[in-house]
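Here is my note on the structure, point by point. Please keep the model open while you read.

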Amino acid sequence: MKHNMRIAIYPGSFDPVTLGHLDIIKRASAVFDKLIVAVMHNQNKVPMFDTEERMELLRRTINNLPNVEITSFGGLLADYARQQDACAIIKGLRAVSDFEYEFQMALANRKLNPELDTVFLMTSAEYMYLSSSVVKDIAVHGGNIAGFVPAEILDDIMLRTRKDG
Ligand code: PNS
């Protein structure tokens, strides 16, 4: 660490950001000096929103959190974390089903970058079932996603699903 700031990275697809993500962002930003929300840009599956759009939706959502920065990354997270001088990766944990995969990634990332620890924040109970895939599925089928995503981005999702459907 070249300075005294404790920087954490919260990586993900954020396609799109949900209230569950926002909950983790708020809580992680209260624990670390700076939180970098990093949108992964080389995905295998075709996203609903491209990287720039996902970053813009995130920016609109977190506008009152001064120590949160929105970026994007490709390649290995462990390398990007080193580049950003981060000491921790933030992950949200929902059900036990998240555990095995996250456990594997945390160990692999620590092997790749021994100075990097993964910090797990338990989801708030009301967001236990929530994921970007669930949101997209409900929206595509005409359901109401108002309680699932930040109000600021609701119209963007509705518009996109209407255009594509
Ligand atoms: O929101 P997601 O899709 O569950 O996020 C997955 C993400 C971005 C956290 C994960 O795919 C990742 O870290 N990708 C970067 C590539 C990498 O470092 N892979 C090795 C991890 S062990």
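1. Helix α4 comes first. It covers residues 99–112, and its 14 residues should span 20 Å at 1.5 Å a residue; the end C-alpha atoms are 20 Å apart, which agrees. The expected span is 1.5 Å times one less than the number of residues. Helices (H or I, at least four residues) and strands (E, at least two) are DSSP runs, numbered from the N terminus.

2. Some ground rules. This is a predicted model: local features need pLDDT of at least 70, side-chain atom pairs count only at pLDDT 80 or more, and totals for chains, interfaces and linings use all residues. Residues are numbered from 1 along each chain as its sequence is written, and side-chain values use heavy atoms, with hydrogens and water left out.

3. Which residues of α4 are buried? They are Glu 102, Ala 106 and Asn 109. They cover an arc of only 70 degrees around the axis, which puts them on the same side of α4. The arc is that of the directions from the helix axis to the C-beta atoms. An α-helix has 3.6 residues a turn, so residues three or four places apart point the same way. Buried means under 20% relative accessible area, exposed over 50%, and partly exposed in between (1.4 Å probe, protein chains only).

4. Now the other side of α4. Glu 100, Tyr 101, Gln 104 and Lys 111 are exposed there. The cover over the buried residues includes α3 (77–83), β4 (88–93) and β5 (117–122). Contact here means heavy atoms within 4.5 Å.

5. Asn 109 deserves a look. It sits in helix α4. Its relative accessible area is 12%, so Asn 109 is buried. Not counting residues up to four places away in sequence, Asn 109 touches Leu 77, Ala 78 and Ile 89. Asn 109 is also one of the residues around the ligand.

6. The ligand site. The residues around the ligand are Pro 11, Gly 12, Ser 13, Met 40, Phe 73, Gly 75, Leu 76, Leu 77, Lys 91, Met 105, Ala 108 and Asn 109. A residue qualifies if one of its heavy atoms lies within 4 Å of the molecule. A polar side-chain atom of Ser 13 lies 2.5 Å from a ligand oxygen atom. From Leu 77, a backbone N or O atom lies 2.8 Å from an oxygen atom of the ligand. Taken alone, the ligand exposes 550 Å², and the protein buries 71% of that. These areas come from the Shrake-Rupley method with a 1.4 Å probe; for residues, only the protein chains shown count as cover.

7. Helix α1 next. It has 13 residues, 19–31, and reaches 19 Å from first C-alpha to last, close to the 18 Å expected at 1.5 Å a residue. The buried residues in α1 are Leu 19, Gly 20, His 21, Leu 22, Asp 23, Ile 24, Ile 25, Ala 28 and Ser 29.

8. The cap on α1. Thr 18 caps the N-terminal end: a side-chain oxygen lies 3.1 Å from the backbone nitrogen of Gly 20. A polar contact is a pair of N or O atoms within 3.5 Å; within protein, one must be able to donate a hydrogen and the other to accept it, and residues adjacent in sequence count only if both atoms are side-chain atoms. Thr 18 lies in the loop between β1 and α1. Its relative accessibility is 2%, so Thr 18 counts as buried. Beyond four places in sequence, Thr 18 touches Leu 130, Ser 131, Ser 132, Val 135, Phe 148, Val 149 and Pro 150.

9. A polar atom of the His 21 side chain lies 2.9 Å from the backbone nitrogen of Thr 18. His 21 counts as buried at 17% relative accessibility. The C-alpha atoms of His 21 and Ser 131 are 110 residues apart along the chain and separated by 8.6 Å. Leaving aside neighbours within four places in sequence, His 21 contacts Tyr 10, Phe 14, Pro 16 and Ser 132.

10. Asp 15 and Pro 16 are joined by a cis peptide bond, with omega about 0 degrees. Phe 14 is not a glycine, yet has a positive phi of about 50 degrees.
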